[in-house]
Amino acid sequence: MDQIASNIGLLIDYPVVNLKIIIDGVMIGALFALAAYGLALVWGVMNVKNLAQGDFVIGGGYVSWWLVKNVGLHPLLGVPAAFVVMALLGGALHGTPVHQWARSQKKPMIIVSLVTGFVFIVATYLGDSAGSIAGYAGMVLTILLIINGGIYNLVISRVIERDLFTSLLATFGLAIMGAQIMNLLFGSDTQSLDLGYDTLYFADGLIDIPIAKLIGVIMAAALATVVIIFMKRSRMGQAIRATAQDARAARVLGIDTEKVYAFTFSLNAAICGAAGAIIVMVWVIQPFYGITYSVRAFVIVTAAGLGNLPGVIAAGLGIGAAEQYGSHVFGIGYQQAIAVMLLLAVLVFRLMQQKRNRQVLQ
Amino acid sequence: MSVQKTGLYAALLIFIVASPFVFPTFGVQLGTLWLMIIVAMTWDMTGGQMGYNSLGNIFFYGTGMYVAALISIALVYDVGEYTGASGGGRYDFTDAQYFTGFVLGTIGAGIFCALSAFVIGYVTFGLRGPYFAIGTLGVAIAAGELVSNWDWVGGGQGITLPVYPGDLDEGKIFIYFAYAITGVLLFIFLNWLYKTRFGAAINAIRDDEEKAEAMGVHTMRYKLVTWAMSAFFIGVAGGISAFQLISFEPLESAYQTINLGIFMVVCVLLGGKGTLWGPIIGAILFQIFKEVTWNYFLGWQWVALGALIVVTVVYFQDGLMGWLRTTRPEWFGLTVDERDDDAPQTAAAAGEGAK
């Protein structure tokens, strides 16, 4: 209790500390908002409640990390790379000519993936890094092409518009699998990338802003802006919004909703992947951290509602700030608890609102 | 009750009593199997029979563990001092103290969980569909985080209970029978409950809550009482589990949201939602699958488990009982009218009515 009182006292005595907390919160919240926006997209368009959201984030982080460590890519370029790889994994090519071609060429593709895998093993054994990377890249690419949309085809496309509980549990199964596969591939240590940039100080060193974090937030904002413009202006964005409003009507009007669903899901995976690539630069990632991002994404989407993009961003930033405040006042151990309590508070508040609406009928 | 049925139940009972002596090496696994059966059956009370898919039933398991442990400690020592020593220190329990602590602790855990179900249910039962699932999941996660920050109950270190006074194998058999008695009582209770008006009322809530309300079913009361009953049994199971594990901590073993909390749902889906035997069969299948993968696919066990969840949920959601019901309706005393185009009334169709 004394600790809590003194923590609150510190906030009042030094107003600039508030500013620091809010800045930190907004930086974290911007990345939560990205994952949450992806979730709002698949929830709104496909009625899929994706509990594997956080694992896409971590997956993107590992893609970027692996490329930087093994290929020597610049960490900032890891963001678009993670975007592309996660989009492919999410089924971006589903239904496109490339996908059809890959499906018709299964046997040669499998042979190519085996050969490149063999090259990878031999080159690694001989210590030839260039050959090993080329072999690995070839193997991964061909496997990605073979199973392209594998997750999407086998699982996601079968839970669209089904019982709400189905998608929740099915994606939860995916989340368990994903986390464990990453654990087997990359090990359970926490990983991060150091950009080696300076830290800016303001207000006598009370406020510190690492430039890497600043770049991360700017990239997140840029990505969000691009996605918003895409959704507003492009043909595909319009088709997605039409499908979200009324899938049947969209189908009647000639929109290929199957393609829209696949595209939406891969767009979500790509956004998450980019968010993960930013997170690996500014914080750390670990195979089992995914669930925390999933929980945050659910909190934000539940609070903001579907199809309300400004709401999602505001709620993301707000939750980031609220978590920072909470961990400052109560201690760092309560961070996750605060996010979840906020979720409960929002749910109860909505419930009370609905009750008031229902009372009129009585 | 027909002769065949009586014979079946008698054979099962003999098997239940004999199995720990026949398979002494599997003492712990058999106890855990009972735990899975109990939590699956209790989950089915709300999830299958009432149509409220809770992801937060693990809250009662964890709370039951803590309440049972705290009661058994508080009967003899000061809790704060005991947990402060975190298993060190000299805190001996006599035989009598251990057993009174065990009995009072598990029953007290059940009662406490039932009461907390009333409180939590009053808030969460206003939520529908995914919001109920997410809300209850939130309750469980929040409780785990809060308990792990609460030093009086041991914080993140958890609690270490006294070991069973006497032979180790004897202790395993003791725990096994504690679980088995709870499970058998729960089965008898549910077998009776689902045939009463109460069972019909909660099935009506599952099928269409608004209509049930319009027909005069006081839905909130039924929902709360059902959840409280299921919470009682999970609490008791959690209490026994605390004495089985001896040492437990909040996030990984008590409020294990993503392990047991989800496993119980998968057990029910595997066996068949909304049936009496479904959860039991599902729990047995699941437990066998889990033990096999844990023993032979080390490292890949979680991948296999995730795959099992995905396959069960996406491709096989009616579960074993639902599948049997559609393929062999005569086994369930259902007659199929061939002239009618409608498929026979299955658990799946009833389950779909709930959404």
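**Close-up views of a two-chain predicted model**

**View 1. Helix H2 of chain A.** H2(A) is largely enclosed by the rest of the structure, because 23 of its 32 residues are buried (buried: 20 or more other C-beta atoms within 10 Å of the residue's own; exposed: 12 or fewer; partly exposed: in between; C-beta atoms are placed from the backbone). Helices (H or I, at least four residues) and strands (E, at least two) are DSSP runs, numbered from the N terminus. This is a predicted model, in which local features need pLDDT of at least 70 and side-chain atom pairs count only at pLDDT 80 or more, while totals for chains, interfaces and linings use all residues. Residues are numbered from 1 along each chain as its sequence is written, and chains are lettered from A and ligands numbered from 1 in the order in which they are written. After H2(A) comes A:Asn47, with a positive phi near 60 degrees.

**View 2. Nonpolar core around A:Met86.** The largest nonpolar core has 210 residues (a set of buried Ala, Val, Leu, Ile, Met, Phe, Trp, Tyr and Cys residues joined through C-beta atoms within 7 Å). A:Met86 is among the residues that touch the most other members, along with A:Ala36, A:Ala275, A:Ile278, A:Ile300 and B:Val39. Beyond its neighbours within four places in sequence, the contacts of A:Met86 include A:Phe56, A:Val63 and A:Cys272 (contact: C-beta atoms, placed from the backbone, within 7 Å).

**View 3. Contact between chains A and B.** Chain A gives 34 residues to the contact and chain B gives 33 residues. On the side of chain A, helices H8 (150-159), H9 (164-186), H14 (290-304) and H16 (335-359) each supply two or more residues. H9(A) has the largest share, 14 residues. By class, this side of chain A has 25 nonpolar, 6 polar and 3 charged residues (nonpolar: Ala, Val, Leu, Ile, Met, Phe, Trp, Tyr, Cys and Pro; charged: Asp, Glu, Lys and Arg; polar: the others, Gly among them).

**View 4. Loop residue A:Thr190.** A:Thr190 sits in the loop between H9 and strand E1 (199-202) of chain A. A:Thr190 is exposed, because 11 other C-beta atoms lie within 10 Å. Leaving aside neighbours within four places in sequence, A:Thr190 is in contact with A:Val284, A:Ile285 and A:Gln286.

How values were computed
Two residues are in contact if their C-beta atoms, placed from the backbone, lie within 7 Å.
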